[in-house]
Amino acid sequence: MYNFDFVKPSTVEEAVAALADDEAQPLSGGQTLIPTMKQRLNAPETLVSLLGIEALKGVTVGGDRVTIGAATTHATVAREVAEAYPALAALAGNIGDPAVRNRGTIGGSLANNDPAACYPAAALASGATVVTNRREIPADEYFEGMFATALEEGEIITRVTFPIPEAAAYVKFEQPASRFALAGVFVAKFAGGVRVAITGASEEGVFRWSEAEEALSGNFSAGAVSALSLDADGMMADLHGSAEYRAHLAKVLTGRAVTAAG
Amino acid sequence: MPKDGIGASVKRREDLRFLTGTGRYTDDINLRGQAHVHFLRADVAHATLNAVDTSAAAEMPGVLRIFTAKDFEGVGGLPCGWQVTDKHGQPMQEPKHPILAEGKIRHVGEIVAAVVAETLEQARDAAEAIELDTEDLPAVIDMKQAVAEGAPKVHDELTSNLCYDWGFVEENKAAVEEAFANAAHVTTLELVNNRLVANPMEPRVAIGDYALHDDSSTLYTTSQNPHVIRLLMGAFVLGIPEHKLRVVAPDVGGGFGTKIFHYAEEAFCTFAAKQLRRPVKWTSTRSEAFISDAHGRDHVTKIQLALDADNNFTALRTDTYANMGAYLSTFAPSVPTWLHGTLMAGNYRTPLIYVNVKAVFTNTVPVDAYRGAGRPEATFQLERVVDKAARELGVDPAELRRQNFIRKDQFPYATPVAVEYDTGDYEATLDKAMQMAGYAGFETRRAASAAKGKLRGIGLSHYIEACGIAPSNLVGQLGARAGLYESATVRVNATGGLVVMTGSHSHGQGHETSFPQVVADMIGISPDQVEIVHGDTANTPMGMGTYGSRSIAVGGSAMVRATEKIIAKAKKIAAHLMEASEADIELKDGAFSVAGTDKSVAWGDVTLAAYVPHNYPLDDIEPGLEETAFYDPANFTYPSGCYICEVEVDPDTGRVEVQSFAAADDFGNVINPMIVEGQVQGGVGQGIGQALLENCVYDADGQLLSASYMDYAMPRASDLPMIDVDHSCQTPCTHNPLGVKGCGEAGAIGSPPALVNAVIDALQRDGKSVSHIDMPLSPARVWAAMNA
Amino acid sequence: MKVTMHVNGRQVSGEAEGRTLLSAFLREELGLTGTHIGCDTSQCGACTVHVDGKQVKSCTMFAAEAEGAEVTTIEGMANADGSLSAIQQAFQDYHGLQCGFCTPGMVMAAAALLEEIPQPTEAQIRHHLDGNICRCTGYHNIVKAIQAASGQPVAVAAE
């Protein structure tokens, strides 16, 4: 890979200052970034590690919400959120593999917004709020398509706040090689209605399946979605599955997630 | 049960270094003054290469020299070790396989230029500054299109993209046609044997070194057969005599066939080291491995089985297209022919067989042997078509097989495809596997799966393979350009310890443990007194290497022969020491005795006498105790077995989960059961990988879509079940001294058809009319087949 | 830049660039070649080490990120007297390795698992090994070795 300057600030302010340089990029675990750098597909002049900023780490549970610092690893979320929000903890505990979970962070995952990543589904289905050094962004406004987010230059995620639903589950069907989601569905049932977010399937990245949300809000059972279907148009197609297959899979997984949520 | 001799599960001594991080793999070697090479590889599949401008790159920091094809004028191409003769008696078309692309790019990954620099990153930086003048040509990817009229040619100097059109046995063709005309039933199956990438976990590495003082070259390389590399590279590529060339293959992290071959990078590093007077090192990345290691399989086949009214097999015919890739890799032409066509009888009495194979050049990475090499392709199509026939005829697949087996009283059995099986008992392995798998209790398990909403199926497969490769005179007639014997030198030290220098390289097979068991058993000493040396041409005798499940059958036999010579000489010495007749000397438990007396001398006394010959028959024999033997097998060996796989299919997603796997093998005698079982489990793991997960896919432009572990699905722990293995059915090989057959490839050969048969079984029991799905049986494919 | 860390209980310092991966630092700067590189997409796990007691892929972490950390590699896994640790011994006893290339990563992953779950089920073992690829064994004997190392009953490897 190309060489770069490595800096590891200890405060958000220092990190933001370091990232003011156009050629600087944040490093928040690097489990996706480093492999792309090895291929020389990404060439920052400065890498700003966010893992030295204690303020970005940790989980707080308060009342009806869970707040997770951006630099909190998947392993930590899996462990520390297990009681407050088991579906979110289970999702974190199934990302990648144990080594990835010890380095990868929720902030890194959401900032990257890989179309087959797990966290975006949780954030979108939960109606989470992405908090940055500048503002609070509702999940519905945060995800802007494959690898695209509402984040601006120099803006970094500091924490993510998840409202805790009454019932929720995430069901992932793994792409057999990468173990990313070929399709993954997060279903969250709140007093005010049900939210369904699907990752891995669409060319537009994570999205909400509004027909399913409507049906499930009236009748929270797998049967409620059995008559629905997702349009294959706009679904990803590759050697692991056609657009039709992904659309079908997303529907099947939605039913299973509802059943798992109970 | 012996404690530590033949038949004992002796724990592996090599594990101690591997478990403590003290193994010595090629990439662990760094030579003083070493430079690094980065290969600029083609990113298009087919193009003219008009010019390579290295002028800017050559000025970049750290660059020592940039090589292009021009630097290799006068250097030979990579040789092909096997010449196949086509059905008209003509030799195959054999294009030059240059070290660096000459005038034309023929596959993604082909080396266009090589940058040698002080550091690897400097070499990579400079490579980005190389300017290529190329003109894209239409890529030839699909084999049938490649041989169609008017297809673009991969090699302009050849008449077409057809390497050869092989008919076997050509004389049987008319009789086969007639049998089909008279058949009561014909089952036809068209299938693809998916292209695979071997993926040993250690990527390839080469380090070239040159010593000016004696004009000698050394290559450290990740090879299964360092002597073969020395011969091919020295004699055919670089023109270095063997006594000036040393090839070292230290610890090698798996091979599976793809580390048999002589590669351009090996020749390059050896060549460049001499040019630059500095060691030159190359370590493949995994991404490079995908586009530069020889791939495996990639056959497209139509197979037909003819049966009479009593369900006896009467004839078999196959038409196969075999992908050679852009160039002929070392043993590529032999894989779809002599390692494939000769196995089409399988375990059956089919009296008439005709095999046609068209080998085709395409703009893809060369294809060569991968674990099983030709035999998995033969087994897959045969065991699939037999299974399909059973389903069409409404008979139990196990019973149709049993009815058509070569019976155990028919051995030795000459098949209609040129080989003679020495021993076997196919019903024994069938019965054993059915018992292991609980075949009779399947219905209960199926009902339990159905209650969970899953479809359950059971599938079985038999296999036969030709191992112990190979009788040199026979393979010479078949086009091999090398002998396929093995050699061993046994050196006994004065104090009684032995060093066995073998040509059989070990890269996971555990030779360092199992070979001493044999020698120790013959002498009656502890295996701890026997050391194995391999992997270095400087301190081992000639060796043809490790592949084709040949090590114990051929390399082990050479070691036995050398040890027999040692024992014969030691008996002469013992006879002298005890003043007895040589004919009366017996060796048992590490001591020589005179029959009928209580006289005896210990092994160590005799070995000491050999090196301190104060009281010694110097008039009759030389001092010392060291012998070499070459062993050339009289025939192939024929391991066989029966594998049974049980699967559950999720009807909603198409996901297949392997529930159980039972393997009953007949390997003849077994030296170390623990190691043998590990070989089978690993082979089955790879076979399940092929059947369920792995697929090497090119797009129409010749770009590799499955170019990393992000898209090439390697089997992981959670993909595989526990694998139940048994090798108690033993019909020892009749023609080698150990009665062994070899076990390295069986698992990969027998398992794919068992798994596919199980999935088809599950779907048909559910009323689906699916009769075939091409591998890998990914969820998407199974779902699509179910919903077609 | 100079990087300092504790590796296998010993403080070490070495030169690193920003881009120097922890795996390269261990192999090239410290000569600890037991940590292997089997891929470049962070999938195979041959490079697995422990950093501050946690299993990580040393090829997907910069050396600079390990500044001040406690790093354990395969070279630090044997008992103090040089004998094999319980996990290493189980890998030998149950033939949990063949070519040995993935083995350091497997041992490091197994050690992390048993730290977290002292008596894992077969399914938990297989799930934990998601990031470690072995091409030789079919995982059968690796699973058994880890079961054995955890003190759970295992069928004998061979008769």
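Let's start with helix α15 of chain B: 19 of its 27 residues are buried, so α15(B) is largely enclosed by the rest of the structure. Buried means under 20% relative accessible area, exposed means over 50%, and partly exposed is in between, with a 1.4 Å probe and protein chains only. Helices here are DSSP runs of H or I with at least four residues, strands are runs of E with at least two, and both are numbered from the N terminus.

A word on the source: this is a predicted model, where local features need pLDDT of at least 70, side-chain atom pairs count only at pLDDT 80 or more, and totals for chains, interfaces and linings use all residues. Residues are numbered from 1 along each chain as its sequence is written, chains are lettered from A and ligands numbered from 1 in the order in which they are written, and side-chain values use heavy atoms, with hydrogens and water left out.

Back to α15(B). It covers residues 551–577 of chain B.

Ser549(B) sits in the loop between β23 (530–533) and α15 of chain B. Its phi is near 45°, a positive value in a residue other than glycine. Is Ser549(B) buried or exposed? Ser549(B) is buried, with a relative accessible area of 11%. After the helix comes Glu579(B), with a positive phi near 55°.

Why point these out? Most residues other than glycine have a negative phi, and most peptide bonds are trans.

Arg40(A) is not a glycine, yet its phi is positive, about 60°. Find it in the loop between α2 (33–38) and β3 (46–49) of chain A. Arg40(A) is buried, at a relative accessible area of 10%.

Next, cis peptide bonds in chain B. One runs from Phe168(B) to Val169(B), with omega near -5°. Val169(B) is in the loop between β7 (162–168) and α5 (173–181). Another runs from Phe411(B) to Pro412(B), also with omega near -5°. Pro412(B) belongs to the loop between α10 (397–404) and β18 (413–414).

On to chain C. It has 5 helices and 5 strands. From the N terminus, the order is β-β-α-β-β-β-α-α-α-α. Its C-alpha trace spans about 55 × 35 × 25 Å along the principal axes. A compact globule of 159 residues would have a radius of gyration near 15 Å; chain C has 16 Å, which agrees. That radius is taken over C-alpha atoms, and the globule rule is 2.2 Å times the number of residues to the power 0.38.

How much of chain C is buried? Of its 159 residues, 67% count as buried. Contacts, meaning heavy atoms within 4.5 Å, come next. Among those in chain C with a separation of 6 or more, 55% join residues 24 or more positions apart.

Last, helix α3 of chain C, residues 103–116. Its 14 residues should span 20 Å, and its end C-alpha atoms are 20 Å apart, which agrees. Here 12 of the 14 residues are buried, so α3(C) is largely enclosed by the rest of the structure. The buried residues include Thr103(C), Pro104(C), Met106(C) and Leu114(C).

Terms used: Expected span 1.5 Å × (residues − 1).
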